Amino acid sequence: MEQTTLNVQGMSCGHCVKAVEGSVGKLEGVESVTVSLENNQVDVKYDESKVTLDQIKEAIDDQGYDVV
């Protein structure tokens, strides 16, 4: 398992949290997703043999948020 913290801009409310957690959480190989609005960060634990970091970033981007 791989653990990473991504800096994400544009998240400001509970809907943002649900959107990011929902889109990333449904990816095969993602074990957990935790969003911190206060820190503008998303912590992801995933199996790198099933999902890539780029796929996770794309899922966040598809929800309208910027991974920086």
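## The sheet

Strand 1 and strand 4 run antiparallel and are joined by 2 bridges. In this pair, Gln9 stands opposite Asp66 of strand 4. Helices (H or I, at least four residues) and strands (E, at least two) are DSSP runs, numbered from the N terminus. Two strands count as paired if DSSP finds at least two bridges between them. This is a predicted model, in which local features need pLDDT of at least 70, side-chain atom pairs count only at pLDDT 80 or more, and totals for chains, interfaces and linings use all residues. Residues are numbered from 1 along each chain as its sequence is written, and side-chain values use heavy atoms, with hydrogens and water left out.

Strand 1 also runs antiparallel to strand 3, with 6 bridges between the two; here Leu6 is opposite Val42 of strand 3. Strand 3 is joined in turn to strand 2 by 6 bridges, again antiparallel, and Val30 stands opposite Tyr46 of strand 3. Taken together, 4 strands form an open sheet in the order 2-3-1-4, with antiparallel pairing. Strand 2 and strand 4 are the edge strands, as each pairs on one side only. Strands of a sheet pair through backbone hydrogen bonds, either parallel or antiparallel.

## Helix 2 and its two sides

Helix 2 spans residues 53-62, and Ile56, Ala59 and Ile60 in it are buried. Seen down the helix axis, the buried residues of helix 2 fall within an arc of 95°, so they line one face of the helix. The arc is that of the directions from the helix axis to the C-beta atoms. An α-helix has 3.6 residues a turn, so residues three or four places apart point the same way. Asp54 and Asp62, on the other side of helix 2, are exposed. Buried means under 20% relative accessible area, exposed means over 50%, and partly exposed lies in between (1.4 Å probe, protein chains only).

Which elements cover the buried residues of helix 2? The cover includes strand 1 (2-9), helix 1 (14-25), strand 2 (30-36), strand 3 (41-46) and strand 4 (66-67). Just after helix 2, Gly64 takes a positive phi of about 100°.

## Helix 1: Ser23 and Gly14

Ser23 lies in helix 1 and counts as buried, at 7% relative accessibility. Leaving aside residues up to four places away in sequence, Ser23 touches Ala59 and Gln63; contact means heavy atoms within 4.5 Å. A polar atom of the Ser23 side chain lies 3.5 Å from the backbone oxygen of Ala59.

Gly14 is also placed in helix 1. Its relative accessibility is 45%, so Gly14 counts as partly exposed. Gly14 and Leu37 are 23 residues apart in sequence, and their C-alpha atoms are 8.7 Å apart in space.

## Cysteines

How many disulfides does the structure hold? The number is 0, where a disulfide is a pair of cysteine sulfur atoms within 2.5 Å. Cys13 is in no disulfide, and the nearest cysteine sulfur, that of Cys16, is 3.4 Å away. Cys16 is likewise in no disulfide.

Cys16 counts as buried, at 5% relative accessibility.

## A salt bridge

A search of the whole structure finds 1 salt bridge, meaning a side-chain nitrogen of Lys or Arg within 4 Å of a carboxyl oxygen of Asp or Glu. The side chains that meet in the salt bridge are those of Glu31 and Lys45, at 3.6 Å from N to O. Glu31 lies in strand 2 and Lys45 in strand 3, so the pair ties together parts that are 14 residues apart in sequence. Side chains of opposite charge can pair when their charged atoms come close.

Glu31 is partly exposed, with a relative accessible area of 49%. Lys45 counts as partly exposed at 28% relative accessibility.

## The loop between strands 2 and 3

Asn40 lies in the loop between strand 2 and strand 3. Asn40 has a positive phi of about 55°, although it is not a glycine. Most residues other than glycine have a negative phi, and most peptide bonds are trans. The relative accessible area of Asn40 is 33%, so Asn40 is partly exposed.

Note on methods: Polar contact = N/O pair within 3.5 Å; in protein donor to acceptor, adjacent residues only side chain to side chain.
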